[in-house]
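I opened my notebook to record what I looked up in this structure.

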Amino acid sequence: MVGFFNLLINGLIEGLIIALPALSLTLVMGINRFPNASAGDTMTFGAYAALGLQYAGVAFFSFAVMGSLIAGALLSWLCYRLVFQRLSRAPMVASLIAAIGIGFMIRSVIGLVAGHDLHTFSLPLVRAWNFDGIRVLPTDLAIAGVALALLILVFCWLKLSPSGRQLRAIADNPDLAKLSGIRPQRLMGMLWLLSGALCASGGVLLGMKAVVMPELGWEMLLPAFAAMILGGIGQPLGAVVGAVLMGIAQELSIPIVGPSYKIAVAFVVMLLVLMVRPGGLFGHVEKVR
Amino acid sequence: MSLLEVQHACVDFGAFRAVSDVSLSLAEGELLGIAGTNGAGKSTLFAAIAGQQATSTGRIEFGGADVTRKPVHQRARFGLARTFQTPREFANLSVLENLLAAAPNGRHESLLASWVGRRASRHQELELVRQADEILAFVKLMPVRDQSAGGLSGGQKKLLELARVLMLSPKLIMLDEPFAGVNPVLIGEIIEVLRKLHGRGIALIVVEHHLQALKSFVQRLIVMDQGRILADGNPHLVLDDPRVQAAYMGGVV
Amino acid sequence: MDAYLLAIGTIVLIYALLAIGLNLQYGETGLINFGHVAFFALGAYTSALLALKGWPLPLSFLAAGAIAAFSAVPLGFAALRLRDDYLAIVTLGFSETVRLVIQQEEWLTRGVQGLPGIPGLFTSLAGTPRAWAIFLTLLAVTALAAYAISLLQRSPFGRMLRAIRDNEPAVEALGKNPSGFKIRVFMLGAALAGIAGAFYAHFITFLTPEQFIPLVTFYVWMSIILGGIGSLRGALLGSTLLMFFLEGSRFIRDILPGVAEVQMANIRLAMIGLALVLFVLYRPQGLFGKRPV
């Protein structure tokens with residue numbers, strides 16, 4: 001029972017981390033209509049950016065994190081302006097393959113610059129709190145807190161700001177996107193800045209929880225996609241709920257299949273959702289016209 | 001016995017009821033037009049009959065068989081064919097190949113037949129080509145027979161859709177806005193083809209916005225509004241119906 | 001020198017087999033398969049493990065193709081109901097799951113430690129004659145596969161594949177179920193990849209999960225993009241070009257001393273990534289064949 005709770009807590013925290021790229025994926029998928037396979041490597045980029053800033057002597061870790069968010073935002077924005085924007089009229093597979101290529105480029109440059117050694121952030125070592133066997137790491141709490149804060153911030157923006165509301169509307173209803181024709185530049189720019197920041201933050205948090213290595217983000221890509229599909233494409237709340245469920249499912253599967261099969265769990269969940277309820281929890285299935 | 005029976009069909013999108021308790025009966029060889037303003041539900045009804053869209057309640061029978069839960073391709077096999085509003089030609093195939101691809105499944109189309117028994121397949125192909133050429137002549141698309149379908153004009157693509165569907169020897173052809181985006185000359189040609197098909201005993205359902213074109217050649221007109229059937233009968237009487245006039249709110253009737 | 005060129009040629013043909021299969025799936029039928037390396041891996045490990053148990057090679061090769069083909073069935077069924085983008089993600093997940101299983105089930109595959117001592121091809125020969133034997137056998141197999149696929153492309157079955165690619169809803173509306181076609185295409189492409197995997201296993205004689213990462217799938221995608229999607233000859237041409245690139249990058253190491261192997265891997269990764277993006281942006285016909293954009 002204690003073990004169950006520990007897994008549950010860990011799953012919840014992992015789920016919150018997954019929620020960040022999942023949110024980014026669901027928005028891009030809903031608006032730009034393609035799965036952004038470079039999201040994982042953008043996460044890795046975020047982690048390494050924070051790492052780099054720390055090594056460069058930035059005073060507080062939180063500054064490094066903010067710096068990494070900005071870096072991630074800019075990277076994604078650049079990718080949109082240089083590549084994805086030009087592919088907006090091309091078939092979906094073009095953007096998809098371009099995203100794969102961009103992911104490869106990000107990962108390889110990181111590997112060339114930073115090497116393949118495992119790194120960790122220099123954070124104060126804190127002992128886990130123990131409540132009768134239920135272990136909670138203060139770092140994990142901080143991670144969860146930051147993730148939650150970021151998610152709340154983004155949701156406020158999506159709900160309250162006019163651009164945010166427009167984005168949500170388009171993400172939810174693709175026909176609306178087609179009707180509105182040329183999507184305003186600014187809106188797209190904001191979307192991609194947001195997307196990059198979300199992925200970068202996910203990467204940093206993941207790096208805090210585990211280790212920083214070039215494959216960090218790629219390993220999160222499938223769980224994030226599964227979360228997006230589980231929650232329903234274009235549904236921000238769905239992405240978060242889906243991500244938390246994914247995180248918990250992955251952790252709870254450990255006693256059954258061991259700790260290394262997380263990606264397989266994500267895959268199975270993805271398949272099940274697509275077979276049984278393709279629209280996901282909150283979404284609707286699109287009909288062919 | 002009627003060819004098509006729709007009984008109390010309803011289609012819901014969440015809380016929104018797009019088609020509300022629609023019943024209609026179509027006899028063999030009948031020529032029916034369905035009109036209505038935007039959002040009247042005619043496209044949804046069309047999709048429900050064609051099998052693209054599931055009904056929430058209600059029953060659809062075709063040729064005596066219950067097709068309510070049957071998928072699109074099975075309804076087509078029964079003889080219920082349809083064309084698309086935005087032409088869905090096989091762009092990289094030639095016009096002729098488009099028709100050949102439509103020919104009902106023969107053993108010549110199996111994977112094994114690619115390698116084994118090729119002579120027999122070629123025989124069957126020749127027969128199909130003959131059929132296709134006949135149809136192409138009928139719709140006057142012979143001049144572009146070997147051209148890539150993607151390069152045809154909008155009107156030609158609509159004729160191609162019709163030609164393709166004829167390869168199925170259908171009992172009913174449903175046309176989804178056949179006159180949309182087509183120049184007036186070709187509208188005339190399409191109407192002529194439709195009249196000839198009617199002459200051959202094929203039932204037709206034409207869903208259209210373009211009332212002028214519609215009322216000139218259909219025998220029976222249904223007008224829908226807000227998911228329901230407003231009026232059903234002789235086109236001129238239907239269009240004179242005050243409820244129909246009100247629904248169109250002074251638009252061109 | 002001979003042996004070196006023959007080795008290169010052998011790898012080219014292995015990639016050609018992979019490309020022919022993927023081209024059938026995407027170029028002809030429009031199925032976005034991002035998990036092709038899974039069938040490669042399944043074929044390789046199946047043949048290797050069976051051969052290690054004493055199976056004669058021709059049989060283990062057949063088994064490799066069969067296992068790969070059957071593994072495609074569940075994926076094929078998934079493909080029936082999924083849009084392009086979902087299919088891409090699912091196939092990617094499939095290939096990573098397969099790799100994960102290979103990695104974890106050490107009792108069977110020896111996991112990351114690798115599977116050594118796989119029986120080689122034509123062990124009764126040695127040196128250059130042996131290299132020739134391997135190359136020519138593979139050449140014959142690839143030529144046969146290419147011929148079979150070209151017959152398929154020109155047949156009514158092939159026509160239906162292109163129709164499905166061009167407009168699947170229209171195919172359904174014309175009374176045909178795309179499912180049967182798609183599953184067969186998935187299986188056939190997978191079988192070819194499985195046989196390619198078997199050749200690979202008995203050529204390299206050592207297998208590790210690291211050889212079956214998604215990058216390999218995208219090497220194959222690069223091949224069909226280079227050669228022009230939808231074209232069988234393109235698949236063959238593209239594999240050759242790909243090999244030029246991969247082998248050519250090896251020479252960078254000779255020119256720039258001190259570049260470690262792992263750095264080479266990163267350089268290749270970067271170049272493939274860049275190539276994919278550039279092709280998509282500037283030479284889309286490579287990606288869409290004759291399809292109007």
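**Entry 1: a covered helix**

I started with the cover over the buried residues of α3(B). That cover includes α4 (118-138) and α5 (154-166) of chain B, together with α7 (156-173) of chain C. I kept in mind that this is a predicted model.

How many residues of helix α3 of chain B are buried? I found eight of the eight, for a helix that spans residues 95-102. The helix is therefore largely enclosed by the rest of the structure. I wrote down the buried residues: Val95(B), Leu96(B), Glu97(B), Asn98(B), Leu99(B), Leu100(B), Ala101(B) and Ala102(B).

**Entry 2: the six-stranded sheet of chain B**

Next I traced an open sheet of six strands. I read its order as β6-β7-β8-β3-β9-β10 in chain B, and its pairing is mixed. I looked for the edges and found β6 (80-82) and β10 (228-233) of chain B there. Each has a single partner strand, so one side of each is left without a neighbour in the sheet. From one strand to the next, the twist averages 20°.

**Entry 3: strand β8(B)**

I then looked at β8(B) and its partners. Strand β7 (residues 172-176) of chain B runs parallel to strand β8 (residues 203-207) of chain B, and five bridges join them. I picked out two facing pairs. Leu172(B) stands opposite Ala203(B), and Ile173(B) stands opposite Leu204(B).

β3(B) also runs parallel to β8(B), with four bridges between them. Here Leu31(B) has Leu204(B) as its bridge partner.

Are the residues of β8(B) buried or exposed? Five of the five are buried, so the strand is largely enclosed by the rest of the structure. I checked both faces, and both are covered. On one side I listed Ala203(B), Ile205(B) and Val207(B). On the other I listed Leu204(B) and Val206(B).

**Entry 4: the four-stranded sheet of chain B**

I moved to an open sheet of four strands in chain B. Its order is β2-β1-β4-β5, and its pairing is antiparallel. β2 (16-26) and β5 (65-66) of chain B stand at the edges. Each of these has a single partner strand, so one side of each has no neighbour in the sheet.

Two bridges join strand β4 (residues 57-62) of chain B to β5(B), and the two strands run antiparallel. I found Asp66(B) in β5(B) as the bridge partner of Glu61(B).

**Entry 5: a helix across the strands**

Which strands does helix α1 (residues 42-50) of chain B lie across? I listed β3 (31-36), β6, β7, β8 and β9 (220-225) of chain B, and the helix runs at about 145° to β7(B). I also found α1(B) lying across β1 (4-13), β2 and β4 of chain B. Its angle to β2(B) is about 60°.

**Entry 6: two helices in chain A**

I turned to helix α3 (residues 61-82) and helix α8 (residues 185-209) of chain A. Their axes come within 7 Å and cross at roughly 135°. That makes α3(A) oblique to α8(A). The crossing is right-handed.

I read off some of the residues that make the contact. From α3(A) they include Val65(A), Leu69(A), Gly72(A), Ser76(A) and Tyr80(A). From α8(A) they include Met188(A), Trp192(A), Gly196(A), Cys199(A) and Val204(A).

**Entry 7: chain A against chain C**

Last, I looked at where chain A touches chain C. I found 36 residues of chain A in contact with 34 residues of chain C. On the chain A side, α4 (92-114), α9 (216-231) and α12 (262-276) each supply at least two residues. Which helix gives the largest share? α4(A) does, with 16 residues. The chain A side divides into 29 nonpolar, five polar and two charged residues.

I followed α4(A) to helix α11 (residues 261-282) of chain C. Their axes come within 7 Å and cross at roughly 155°. The two are therefore roughly antiparallel. α4(A) passes α11(C) in a left-handed crossing.

Definitions and conventions:
Residues are numbered from 1 along each chain as its sequence is written. Chains are lettered from A and ligands numbered from 1 in the order in which they are written. This is a predicted model: local features need pLDDT of at least 70, side-chain atom pairs count only at pLDDT 80 or more; totals for chains, interfaces and linings use all residues. Two residues are in contact if their C-beta atoms, placed from the backbone, lie within 7 Å. Ala, Val, Leu, Ile, Met, Phe, Trp, Tyr, Cys and Pro count as nonpolar, Asp, Glu, Lys and Arg as charged, and the others, Gly among them, as polar. Two strands pair if DSSP finds at least two bridges between them. Axes are lines fitted to C-alpha atoms, for helices over the stretch in contact, and angles run from 0 to 180 degrees between N-to-C directions. Angles under 35 degrees count as roughly parallel, over 145 as roughly antiparallel, 65 to 115 as roughly perpendicular and the rest as oblique. A crossing is left-handed if the near helix is turned anticlockwise from the far one by less than a right angle, and right-handed if clockwise. A residue is buried if 20 or more other C-beta atoms lie within 10 Å of its own, exposed if 12 or fewer, and partly exposed in between; C-beta atoms are placed from the backbone.
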